[in-house]
Amino acid sequence: MLRKLYIEATTRCNLNCKMCFRNTWFDESIGDMSMEDFRKILDTMPRSVETIFFGGQGEPLFHKDILEMISLASQTGADVELLTNGTLLTPEMIRGILDAGLSRLWISIDDLDVQNFTENAGHNHSRQILDNIRSFNRIRHTSPNGVSLGITFVAMKSNVHQLANLPFFISQYLIDEVNISNISPTDEA
């Protein structure tokens, strides 16, 4: 029985994180799912699906129709979750995803050292992402929808020591759920 449906709305991303599988792709197409294909998925989805999850190798918020996708998915009665790198969470986008019916927002965080970022992710957006988390919390707590916030943390040799900072990070950024995974190595390094 299918309970959770994973949808990769796009393979495009605005970042180039060093641990991402996209770095090992050869001759892969980059693009967006069409709304026609998305509607077909929803129309043929088994009734047993309890959660529709937007994520994958791309950044879902990069898809021009993501708010409509979230809205249509929430109209099925399933919980709707989305995993983002957090960089595109403007106040307008936050209000949009809340109004569309998102149930849980997941933000990928690979550096918990909020005082001295070490750029583990391979980009320099850490402060922006933390500011966006603060904005999300301010806005979600005024919303009647009860949207929860989770973080995903990919443990690597370069950041595993930071797991000790997790309780502080959770309390400081009002995190409801945490998912810790290890990296699947694609090369010796």
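**Salt bridges in a predicted chain**

At 52% relative accessibility, E36 counts as exposed (exposed means over 50% relative accessible area, buried under 20%, and partly exposed in between, with a 1.4 Å probe and protein chains only). The structure is a predicted model, in which local features need pLDDT of at least 70, side-chain atom pairs count only at pLDDT 80 or more, and totals for chains, interfaces and linings use all residues. Residues are numbered from 1 along each chain as its sequence is written, and side-chain values use heavy atoms, with hydrogens and water left out.

We can start with the partner of E36. The side chain of K40 forms a salt bridge with that of E36, at 3.5 Å from N to O; a salt bridge here is a side-chain nitrogen of Lys or Arg within 4 Å of a carboxyl oxygen of Asp or Glu. Both K40 and E36 belong to helix α1, residues 35–44, and sit four residues apart, about one turn of the helix. Helices (H or I, at least four residues) and strands (E, at least two) are DSSP runs, numbered from the N terminus. K40 is partly exposed, with a relative accessible area of 46%.

Helix α1 also holds one end of another pair. R39 and E68 meet through their side chains in a salt bridge of 2.6 Å, N to O. Because R39 lies in helix α1 and E68 in helix α2 (residues 66–74), this pair ties together parts that are 29 residues apart in sequence. R39 is partly exposed at 36% relative accessibility, and E68 is partly exposed at 34%.

D131 is partly exposed at 41% relative accessibility, as is R134 at 35%. Salt bridges also link K4, E81, R104 and E177 in a network. The count comes to 10 salt bridges.

Now for the chain as a whole. Five helices and six strands are present, and from the N terminus on they run β-α-β-α-β-α-β-α-β-α-β. Of the 189 residues, 46% are buried. Among contacts (heavy atoms within 4.5 Å) between residues at least 6 apart in sequence, 74% join residues at least 24 apart. The chain exposes about 10100 Å², with carbon and sulfur atoms supplying 50% of it; accessible areas come from the Shrake-Rupley method with a 1.4 Å probe, and for residues only the protein chains shown count as cover.
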